[in-house]
Amino acid sequence: MMEKMLIDSRFLFQRLASKYKNQVEWEKGRALFLSLEYRCQETAEHSVVVAFIAYHLAIQIIGETQTGERMFLAGLLHDIGKLKIPDTILKSDRIITGEEHKTIVDHVQSGYEALKKLDFGSDILQFCITHHERLDGSGYPHGISEKSIIGRIAPISDVYSALKLPRIYRPNSLSDENILKYLIENNHQFEGDYIHELLKFLTNWSSNHNISEKTFGIV
Ligand SMILES: [Fe+2]
Ligand SMILES: [Fe+2]
């Protein structure tokens with residue numbers, strides 16, 4: 001099922017890239033994403049799925065395709081700061097040290113600064129800077145309770161993709177049912193209404209791929 005989502009995400013990326021061909025922000029975004037893809041395939045795949053989920057959540061929640069398309073671009077670029085993390089940490093399958101953890105945490109701020117330098121819009125910057133924040137203030141880099149729409153879409157999209165895709169240190173991906181359970185159990189960190197929107201989207205999307213709504217076991 002993950003392959004299907006990656007294919008759909010890539011397909012939407014191609015469609016939007018050709019729709020916005022010669023649009024400066026999209027062209028800059030594509031160039032940056034290509035660098036990320038060459039550097040770390042895993043992070044690129046994670047980012048395109050974040051983009052796909054953020055696109056659909058934004059359209060469902062706000063009701064504007066244009067905002068969804070902006071969220072897609074933001075999702076592609078949200079982890080661009082990881083370009084600054086050395087391979088010994090970025091591609092590591094061992095337990096990382098405290099100092100290395102700090103380098104990982106810094107990817108949010110360095111990504112935000114890079115996107116700002118390159119004159120990306122405030123919506124793209126906001127997605128990047130908030131994607132690891134949590135509603136109860138337990139996130140990073142600022143540990144603030146982020147209540148903007150983008151600041152609530154970004155963490156859910158990021159966590160869904162992070163848990164869905166296999167990682168070096170976690171070869172098996174989690175099922176949608178288990179990811180939704182995780183989000184619901186942690187609804188002090190993630191917006192409950194938006195978790196429900198994610199469930200709605202996954203149910204619709206899966207039924208288009210001939211998977212029963214009962215797959216999720218949660219309604
Ligand atoms: Fe991140
Ligand atoms: Fe991410």
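**Figure 1. Ten helices and zero strands make up the secondary structure of the protein chain.** The model is predicted. From the N terminus on, the elements run α-α-α-α-α-α-α-α-α-α. The radius of gyration is 16 Å, close to the 17 Å that the globule rule gives for 219 residues, so the chain is as compact as a globular protein of that length. Along the principal axes, the C-alpha atoms fill a box of roughly 45 × 45 × 30 Å. Of the 219 residues, 36% are buried. Among contacts with a separation of 6 or more, 65% join residues 24 or more positions apart.

**Figure 2. Helix H3 crosses helix H10.** Two packed helices are described by the angle between their axes and the distance between the axes. H3 spans residues 41–62 and H10 spans residues 192–207. Their axes come within 10 Å and cross at roughly 110°. An angle of 65 to 115 degrees counts as roughly perpendicular, and H3 and H10 are therefore roughly perpendicular to each other. The crossing is right-handed. On the H3 side, the contact is made by His 56, Leu 57, Gln 60 and Ile 61. H10 contributes Tyr 194, Glu 197, Leu 198, Lys 200 and Phe 201. By class, the residues of this contact divide into five nonpolar, two polar and two charged.

Figure 3. Ile 61 has 18 other C-beta atoms within 10 Å. A residue is buried at 20 or more such neighbours and exposed at 12 or fewer, so Ile 61 is partly exposed. Not counting residues up to four places away in sequence, Ile 61 touches Ile 149, Tyr 194 and Glu 197. Tyr 194 and Glu 197 belong to the H10 side of the contact with H3. Arg 167 lies 106 residues from Ile 61 in sequence. In space, the C-alpha atoms of Ile 61 and Arg 167 are 30 Å apart.

**Figure 4. Helix H9 packs against helix H10.** H9 covers residues 176–185. The axes of H9 and H10 are 10 Å apart, at an angle of about 170°. Angles over 145 degrees count as roughly antiparallel, and H9 and H10 are therefore roughly antiparallel to each other. Asp 176, Leu 180, Leu 183 and Ile 184 form the H9 side of the contact. Ile 195, Leu 199 and Leu 202 form the H10 side. The contact has six nonpolar residues, no polar residues and one charged residue.

**Figure 5. Thr 103 in helix H6 and Ile 96 in the loop between helices H5 and H6.** H5 covers residues 87–90, and H6 covers 98–117. Ile 96 has 14 C-beta neighbours inside 10 Å and therefore counts as partly exposed. Thr 103 has 17 such neighbours, so Thr 103 also counts as partly exposed. Leaving aside neighbours within four places in sequence, Ile 96 is in contact with Ile 89 and His 101. With such neighbours again left aside, Thr 103 is in contact with Ile 85 and Ile 89. Thr 103 and Lys 84 are 19 residues apart in sequence and 8.7 Å apart in space, C-alpha to C-alpha. Ile 96 and Trp 205 are 109 residues apart in sequence, with their C-alpha atoms 36 Å apart.

**Figure 6. Backbone geometry at Asn 22, Asp 119 and Pro 141.** Most residues other than glycine have a negative phi, and most peptide bonds are trans. Asn 22 has a positive phi, near 75°. Asn 22 lies in the loop between helix H1 (2–19) and helix H2 (24–39). With 6 other C-beta atoms within 10 Å, Asn 22 is exposed. Asp 119 also has a positive phi, of about 60°, and is not a glycine. The loop between H6 and H7 holds Asp 119. Asp 119 has 10 C-beta neighbours inside 10 Å and so counts as exposed. The peptide bond from Tyr 140 to Pro 141 is cis, with omega near 10°. Pro 141 sits in the loop between helix H7 (122–130) and helix H8 (149–164).

Definitions and conventions
Residues are numbered from 1 along each chain as its sequence is written. Chains are lettered from A and ligands numbered from 1 in the order in which they are written. This is a predicted model: local features need pLDDT of at least 70, side-chain atom pairs count only at pLDDT 80 or more; totals for chains, interfaces and linings use all residues. Helices (H or I, at least four residues) and strands (E, at least two) are DSSP runs, numbered from the N terminus. Two residues are in contact if their C-beta atoms, placed from the backbone, lie within 7 Å. The radius of gyration is taken over C-alpha atoms; the globule rule is 2.2 Å times the number of residues to the power 0.38. Axes are lines fitted to C-alpha atoms, for helices over the stretch in contact, and angles run from 0 to 180 degrees between N-to-C directions. Angles under 35 degrees count as roughly parallel, over 145 as roughly antiparallel, 65 to 115 as roughly perpendicular and the rest as oblique. A crossing is left-handed if the near helix is turned anticlockwise from the far one by less than a right angle, and right-handed if clockwise. Ala, Val, Leu, Ile, Met, Phe, Trp, Tyr, Cys and Pro count as nonpolar, Asp, Glu, Lys and Arg as charged, and the others, Gly among them, as polar.
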